[in-house]
Amino acid sequence: MKKITLSLCAVSMLALAACTDPAYVTGSADDRDQHRQTKSGAIIGGILGAGLAAATDNNALAGAAVGAGVGALIGNSLDAQEAELRAQLDDDVRIENTGDRLIVTMPQDILFDVDSFDVNFSLQDDLAKVASSLEAYTDTTVQVLGHTDNTGAASYNQTLSERRANAVADVLMNNGVSFGRIDAIGRGEDQPIASNLDEAGRRQNRRVEIVILPNA
């Protein structure tokens, strides 16, 4: 019980630091956002480190500190990779940094022709840049997730999403990313991010997400 209490105190201290750090409070909007992501990684790492320490009967406070350090390194690495990708990729490509992963979203309307799973030539260059980034940050694994809207049969959409995810994964591998780092998954129409009741929403739902996950 004492170890658990210590770990919770450590995590609380990290959370307080994330809220009160002067650089976070007074910096520019972009600086504050990047600083927040790094702090998020540190807090996540602290929680994981404390839990691991408690489970292995080591000092939970030390585990939280080590975990926080690892989390901060992960956060810094994601921030750096995010900045590089934003500078290199077209505006149509959305990049989200959640603090523990990067999600690179490409609309399928620009990736593929209707009912096709051949990657458009115009997007090959962007995918090559993503592959180059993945080669520069090798301590990560990658999920390529294909999504569709709900137009047509669900079984057809599932197959199409799988083929499109595999097509994007193939381009990444052809540009040097090793097969063992990539997992291509078709989600079909099951995970919409907008309403399927209008074309604007359906367009958002037709997408491929490249999820970059730092290795633990």
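Relative accessible area is classed as buried when under 20%, exposed when over 50% and partly exposed in between, computed with a 1.4 Å probe on protein chains only. The structure described here is a predicted model, in which local features need pLDDT of at least 70 and side-chain atom pairs count only at pLDDT 80 or more, whereas totals for chains, interfaces and linings use all residues. Side-chain values use heavy atoms, with hydrogens and water left out, and residues are numbered from 1 along each chain as its sequence is written.

Side chains of opposite charge can pair when their charged atoms come close. A search of the whole structure for salt bridges (a side-chain nitrogen of Lys or Arg within 4 Å of a carboxyl oxygen of Asp or Glu) finds eleven. One of these joins Asp100 to Arg101, with an N to O distance of 3.4 Å; Asp100 is partly exposed at 29% relative accessible area, and Arg101 is likewise partly exposed, at 29%.

A salt bridge of 2.6 Å, N to O, connects Arg206 with Asp149. This pair links distant parts of the chain, 57 residues apart, with Arg206 in the loop between helix H8 (199-205) and strand E5 (207-214) and Asp149 in the loop between strand E3 (140-147) and helix H7 (154-174); helices (H or I, at least four residues) and strands (E, at least two) are DSSP runs numbered from the N terminus. Arg206 counts as buried at 16% relative accessibility, as does Asp149 at 5%.

Within helix H8, Glu199 and Arg203 lie four residues apart, and are therefore separated by about one helical turn; their salt bridge has its closest N and O atoms 3.8 Å apart. Glu199 is partly exposed at 33%, and Arg203 is partly exposed at 40%. A network of salt bridges links Asp109, Asp149, Glu199, Arg202, Arg203 and Arg206.
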